[in-house]
Amino acid sequence: MLELMRRFATTLAGKILGGLLLIGLAGFGISNVILDLGSDTVATVGDVSISTNDFRRAYDARLSQITQQTGQQPTAEQAQAMGITGSVLQQLAANAAGVVLAQRYGLGASDAKLRESIVNDPNFQGVLGTFDRAIFDQTLQQNGFTEAQFKDQQTKALQREQIAIGLFDGAPLPETAVSLINSYRAATRTVEYFTLDQTTVGDIPAPTDADLQAYLTAHQADFRTKETRTVDIVYVNPDLLAPQYQPTEDEIKAEYDKTKDTLGKVEKRHVEQVALNSPELQKAFEDAQKTGTPFADVVAAAKATPTDLGIVAKADLSDQTLADAAFGLAKVGDFTVIPGVIGKRAVGVTEIQGGGAPSYDEAKADIAKRLAVAKVKAQYADLQDQIESLRAGLKPLKEIADRYKLPIETVAVTADGAPLSAVPGLAESDRPKIATAIFAATAGKLAPTINFGSTSNAWVDLTKVDPARDQTLAEVHDAVATAWTADRTDKALQDEIKSIMAELDAGKSFQDVATEKNQFATVSTPITRQGDQSKVLTGQVAASIFASGPNGHGWAIDGDGAYVIYHVTDATPPSGAPPANIVSFLTNSLRGSLNSQFIYGLQADYGVRVNQQVLGTVIGQPAQ
């Protein structure tokens, strides 16, 4: 079926359909329809639902990206104004449309393909570059996925990939596009150049107080304090509260007896391997294996260099053949020879950390922490209710913290939230959320509770507001003097460069200009638009060079802030076939573009129905 669909996409009728889709999509959008789709459904595409959890996860991820870029978390109103809600819903609807099509044509993903996609995902790999189960579990937990939910999402992604490849793989690349991209990426320029910096113009006379005051007045916006808000803050989570809920020795012992059969330690081994890339090396290890010579002795005698894979569990090794071989060895010092991708390899074990059930003393600390955290979670709702009740009675946070032995900090916070690093246990990614709440608070009034989950909250009392203000010259005298000197130096350099450009425009030799300025003109190697990876001919400088054209001249600022004066001596177009990376880039771009057009067309055909009431609740803006 996919082959039929792919062939159709390359026919004249298919191309006409694609053109009609493009025209139709010019005004396409998701209809704002209020429907009774259920309290856990934000929207449907065909018969595929977009759940509140799926939307909230994608929406929070987009907010997190913006927060990391700007240092401040957008409010619900700001997110709406920025179009975040619509773009997230549009993307999820497009994904759902792909799933509808995949299901209708019976497309799926095998368990082996699903496992391969997860194991090879760099987000789940440890320091050895192999799949790490602990990282996988932690990542899923941080993003609010159960393992079943994540596998379902990955299966749907693989289904959509099949559609894209099946329909549009092999679509012919426009030769003009290939030629233009190749010309843009592979053309080279050679320049002669020299640099000028602040040392070129000599010492700038010291400024007078009048000079500094005039500069400060003109640049007052650069010399303002930040608004600072001083707050008392209580932040709690199960780990922070656990010390108050320590279990008794009897409770720990009872839990150990109940669960010791499930507390087995995973056996770990220190694994090394040697690539047997010569007949002599292969023979040395095979002969030693027959005589039982220890791995370390063979390595030393053969002067081989083993690859250290570290101390790993069997599940940490994505190469199943390697894992079976390493964990099939009987004792430390044993090794075996197994096949490799490009030849045989020797796998040895230099240390074994046995598995099995841990002793009570080994397990005691972990069990105690687990029981304490469980107690916190069980009693947290009552604690939160008591805190909220006292807050409603306008009790100060310091009094509440003292009563319940809660950690409390007094912090002077700026809008970026950086000073909140003083709050124990607060993740850096959560600081913007608290900073936003602090700057939305009003002194003397109760600030809303800041929620980080069912058992984690923050409360703040705003005690002082120091507004942003202009700083006086006395406060910033040295900083203004430094800025004034840098400004005067840069103006002197710019005057020098204007003079040089005028001489070059008049036809003066570049070498003569360089000599008059006591500079030595350096001739570059041919560079592309990416520059030469140095701090002088950077990508920014290269962009100016390519904009100048053959035999052109000009200037640009390099990576160290110096001025690069250049003259283009050679412009060479690309020769031969375009590199594979350019062809791959264009192929993927074309396939992605065609697939996007197709999917959005399906989306329009299947229809998107949105439950505005549920959507508004999820983003914090209930429908009116």
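The structure, a predicted model, holds 23 salt bridges.

Student: What makes the contact of Glu227 and Arg229 a salt bridge?
Tutor: Their side chains meet at 2.8 Å, N to O. The cut-off is 4 Å between a side-chain nitrogen of Lys or Arg and a carboxyl oxygen of Asp or Glu, so the pair qualifies.

Student: Why is Arg229 called buried?
Tutor: Arg229 has a relative accessible area of 11%, and buried means under 20%, so the term applies. Glu227, at 27%, is partly exposed.

Student: Why is Glu516 called partly exposed?
Tutor: Its relative accessibility is 45%. Exposed means over 50% and buried under 20%, so a value in between counts as partly exposed. Glu516 forms a salt bridge with Lys508 (2.5 Å, N to O), and Lys508 is partly exposed at 29%.

Student: Which parts does the salt bridge of Glu496 and Lys517 tie together?
Tutor: The two side chains meet at 3.1 Å, N to O. Glu496 lies in helix α19 and Lys517 in the loop between α20 and β12, so the pair joins parts that are 21 residues apart in sequence.

Student: How do you know that the buried residues of α12 are on the same side?
Tutor: In α12 (residues 249-259) the buried residues are Ile252, Glu255, Tyr256 and Thr259. They cover an arc of only 100° around the axis, which puts them on the same side of α12. Asp250 and Lys258 are exposed on the other side.

Student: What do the buried residues of α12 pack against?
Tutor: They pack against α16 (360-392). As for salt bridges, Glu255 and Lys258 are linked in a network with Arg370.

Methods:
Residues numbered from 1 in each chain as written. Predicted model: local features only at pLDDT ≥ 70, side-chain atom pairs only at ≥ 80, totals over all residues. Heavy atoms only, no water. Buried < 20%, exposed > 50% of the residue type's maximum accessible area, 1.4 Å probe, protein only. Helix = DSSP H or I, 4+ residues; strand = E, 2+ residues; numbered from the N terminus. Arc of directions from axis to C-beta. Contact = heavy atoms within 4.5 Å.
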